[in-house]
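Hi,

Here is the structure I promised to pass on.

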Amino acid sequence: MSLITYREALSAALWEEMERDERVFLVGEDIGLGGGAFYITKGFQQHFGRDRVVDAPLSEAGFTGAAIGAALAGMRPVVEYQFADFVTEAFKMIVDFAAGNHYRRMGPVPIVLRLPSAALVSGGPYHSVNPESWFFGTPGLKIVAPATAYDAKGMLKQAIRDDNPVIFMEYKKFYNYRPADLPPQLQIDVPEGDYTVPFGQARTLREGEDLTLLTFGTSVLEALEAAQVLEREGVSAEVIDLRTLVPMDKEAILRSVKKTGKLLILHEARKRGGVGGEIAALIAEEVFEHLDAPIRRVGAPDCPVPLSPPLEKAYLPGTAQVVGALRELAAF
């Protein structure tokens, strides 16, 4: 057991799975000689060879389609996009052919689509997207969102062994975080050996009694900071990291809302059309009678991610914004 970075955890998962199963191979732009845009596959091609670490041309639709074909033929491809934003070039391949194959009775498509997601530092509108809402309404896809190194390794191994296509959102902001700089709830020892993390199990990062704060991805940082502020004001917030969006841990969500009676949903993606709207509808349909206040959502405004650093900071949901929403919710 050891504390390692999110980036090291992803790299370890890929390496161990490639050694465990010779059907696993990697494909993407610059992942071989270059080690990938974020160096997660650095040294892989020298060890595993060019047939299993494939440098692809700048054609996301082309190499995604080729990987889907390989999956149908019994291989287990892991596709890396340099940035999640670039996956738009491969929508048809993913939505029609990877997700839809099960329903056309053409066999399983065991493929992992790795999407470096969310804002980092002034990446602007082409390198900062949170892509979950693009795929959330498509049947046949699983969507995972690990926020810790422990989950990053265990969920990536689980995704590679899954017989279904998995949208694997990995968060650039976490790549370089030193474990010691993270909140204690996110400092989880990572086993050196083999383990997997099952999908569909949320994690309670902080127990609370007065209200529930649901979140995932990089927003767990703002959620935990905001909960600390509210604690000093005498309000106990329960913080839950969803970890996977499809399948979603519905029971954990309903259980917490029944306990606290108040709910705030937080995500970095835009509020309009975001996953938070679906969760709010779920609560309204199934446990409305337990609510003591209207459901609140905090997300990004309805515009692209700005390139300007001050504008980007204003765009991203920050701790102060979350604290304000929690105070209003607590006072209702």
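Strands here are DSSP E runs of at least two residues, helices are H or I runs of at least four, and both are numbered from the N terminus. Two strands count as paired if DSSP finds at least two bridges between them. Within this pair, Leu 213 sits opposite Leu 264 of β11.

Before going on, a word on the source: this is a predicted model, where local features need pLDDT of at least 70 and side-chain atom pairs count only at pLDDT 80 or more, while totals for chains, interfaces and linings use all residues. Residues are numbered from 1 along each chain as its sequence is written, and side-chain values use heavy atoms, with hydrogens and water left out.

**The 5-strand sheet**

β8 and β11 belong to an open sheet of 5 strands, ordered β7-β9-β8-β11-β12 with mixed pairing. β7 (203-206) and β12 (296-300) are the edges, and each has a single partner strand, so one side of each has no neighbour in the sheet. From one strand to the next, the twist averages 25°. Helix α9 (residues 250-260) packs on this sheet and touches β8, β9 (237-241) and β11, with its direction at about 155° to that of β8. Such angles are taken between N-to-C directions and run from 0 to 180 degrees; axes are lines fitted to C-alpha atoms, for helices over the stretch in contact. Contact means heavy atoms within 4.5 Å. Helix α10 (residues 275-286) lies across β8, β11 and β12, at about 155° to β11.

**The 7-strand sheet**

There is also an open sheet of 7 strands, again with mixed pairing, in the order β2-β1-β3-β4-β6-β5-β10. Its edge strands, β2 (53-55) and β10 (244-246), each pair on one side only. Here the twist averages 20° from strand to strand. Inside the sheet, β1 (residues 24-28) and β3 (residues 76-80) pair in the parallel sense over 5 bridges, and Val 27 stands opposite Val 79 in β3. Helix α3 (residues 60-72) lies across β1, β3 and β4 (112-117), running at about 165° to β3.

**Helix on helix**

α3 also packs with helix α4 (residues 91-98), at an angle of about 25° and with the axes 8 Å apart. That makes α3 roughly parallel to α4 (under 35 degrees; over 145 is roughly antiparallel, 65 to 115 roughly perpendicular and the rest oblique). Which residues of α3 and α4 make the contact? They are Ala 61, Thr 64, Gly 65 and Ile 68 of α3, with Met 93, Ile 94, Phe 97 and Ala 98 of α4.

Helix α1 (residues 6-20) and helix α6 (residues 149-161) pack at about 30°, with their axes 8 Å apart. That makes α1 roughly parallel to α6. Among the residues in this contact are Tyr 6, Leu 10 and Leu 14 of α1, and Leu 156 and Ile 160 of α6.

**Aromatic rings**

A search of the whole structure turned up 14 aromatic pairs. Rings of Phe, Tyr and Trp (its six-membered ring) pair if their centres lie within 6.5 Å; planes under 30 degrees apart are stacked, over 60 edge-to-face, and the rest tilted. Tyr 6 and Tyr 175 form a tilted pair, 6.1 Å centre to centre with 50° between the planes. Tyr 6 lies in α1 and Tyr 175 in helix α7 (residues 172-175), so the pair ties together parts 169 residues apart in sequence.

Cheers
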